[in-house]
Amino acid sequence: MRETGAIAGVSVAHADATVDEIEAAGGDGVRATVSDLLAREGVEEAFAVQTCNRSEAYVVTDRTIDGATALSTFAPDVRGGAVRRLDHEESLEHLMRVASGLESLVLGEDQIIGQLREAYEESKSAGGIGPVLKDAVTKALHVGERARTETEINEGVVSLGSAAVRLAASEIDLTDGTAVVVGAGEMGTLAARTLDDTPVAEILVANRTVPNAEFVAEEVDTPAEAVSLADLPAVIPDADLVVTATGSPDLIVHPSYVDGAGRLVCIDIAQPRDVDPAAGAREGVTVYDIDDLEDVTRRTRESRAQEARDVESIIDEELDRILEAYKRKRADDAISSMYAGADQVKARELDRAMSRLEAQGGLTDEQRETVEDLADALVGQLLAAPTRSLRDAAGEDDWETIRTALRLFDPEFTSQAAGSEEVDAIADAGPDAVPDSVAEELDD
C-alpha cells in the first residue's frame, strides 16, 4: 500500500537569518541533505533547496512527529528565531511564494525559478522526489511562471546581480571604470549583463574554468576578457568594482588581493562568502555582502507592492486547488484500501461458501451469480457510510481518521490479521476473542 503522506518543512532565509546562519544550515549540499533525510525514520520523500539567501528542506512522512523529528537537526547551530518550521499547508504555500519571488531578497527576481528547478533535479537524482513532492514543486514552479506572465512582479531590479550593480553605482562612478565579475554561473552572468548597461569601460570575468568565463564574456557588448582565478591578485588592484558570485566553499578573494587598490567596492553575493571580510579593513576598500543589499531591495519592494498583491491572489487560487486535490487523493487512498481489503475478504468467504454449497448438492450458474451479487451488494452497502465519512474527514483535514482507515483497511493487514480460521474463531467466541495482532494494531 502506498499512502499519500504529508509534507513538513524548515526554512532558514534572509528575512530572519544572517548570511552566516544560512550558510550554517546549508550543510554539504542538496544531494547530501536529501540523502541524509531519506535515511531518517518514516521519511518517504525529501527535497532541499539552497541558494545565497535561503537553505530549506522538506520531507514527506506518514506521521507528523516523524517529519518534525527528521528535520530537527537540519539547522542545529542556528538560533531558534532564524528557523521557520512549516506544516503541510504552510509548506505548499511557502514553496509557491518562493517560486513567485515573494520571499526573495529582491522581490520578484527571476533567478529563483532556475534554482528551484535545479534543486528539484538534484533531489530527484538523490531519490527524494515522490508523488507528493513532485506535485508540490511542480505546482510551485507553475505558480512562479504565472506570477511573471500575468503580473509585472519582475519589472526593474530582478536579481542579486543587478541589485549589486545598482548598489555599486550609488557608491562610485562607474564611468570608464573596470569591473571584475568572479564566477561564471547564473548570478555571475546576470551581474555581467547588468554591468553591460552601465558606463564601465571593461569587464573582466574570472572563473576557475576559463572557457566558462569566456562564454560569459561573449554575452556582453562591453569589451570583456576572461581570466582565471589565479589572475585575481593581479587584476583586482586596478579594478573599481568586484562582484563575486561563485559556488566555492572556500574564500576566493583574500585581503592581500586588494593591496595597492585605490577606491574599490567589493560586493559579495555568494553563499558561502567569496570575499574575506578582512579585505574591507584596507583603506579605500569597501566590502558589501547580501545583508547590505537590503536598502536596494527595499525600494524595489515598494514599487512592486501592488504586483505582489496580485501574485498573492494567484497563490491563494492555486493553493486551494492543490489542497483540494490532496484531500481527494488522501480520501481516495483510504477508500481504495478499504474496498481492496473488503474484496479480499469477500473473495475468500465466497470461495468457502461456494465450496460448502457445492458439497451440499451443487449450484446452478444462476444461483452462483445470485450469491456473488449478494456479496457485492453487502460490501457496497456496508462500505457506503465509511466512504462518506472518509470523504468528510478529508474535507475537514481530519488526517488521523484517514491514517487509521489506511492502516485498518490495508489489504495486507486484513489478510494477515484475520485469516479464515481466525474469522471462524471470532464468530464462535464473540467480541472478546479479538486476535492479538488485530488488538495491537487497534491500540496503535
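This is a predicted model: local features need pLDDT of at least 70, side-chain atom pairs count only at pLDDT 80 or more; totals for chains, interfaces and linings use all residues.

Residues are numbered from 1 along each chain as its sequence is written, and side-chain values use heavy atoms, with hydrogens and water left out.

On a 1 Å grid over the protein atoms alone, a pocket is an open set of points where a 1.4 Å probe fits, with protein on both sides within 12 Å along at least five of seven lines; lining residues have an atom within 4 Å of a point.

The lining has 29 residues, and nearest the centre lie Gln 50, Thr 51, Cys 52, Gly 247 and Gln 271. Two or more lining residues come from each of α1 (19–26), β2 (43–51), β3 (54–61), α5 (111–125) and α8 (186–195). Of the elements, α5 gives the most, with five residues. Helices (H or I, at least four residues) and strands (E, at least two) are DSSP runs, numbered from the N terminus.

By type, the lining divides into 10 nonpolar, 13 polar and six charged residues. Ala, Val, Leu, Ile, Met, Phe, Trp, Tyr, Cys and Pro count as nonpolar, Asp, Glu, Lys and Arg as charged, and the others, Gly among them, as polar.

The largest pocket lies between domain 1 (6–150) and domain 2 (155–288), because both give residues to its lining. The domain bounds come from an automatic or database domain assignment.
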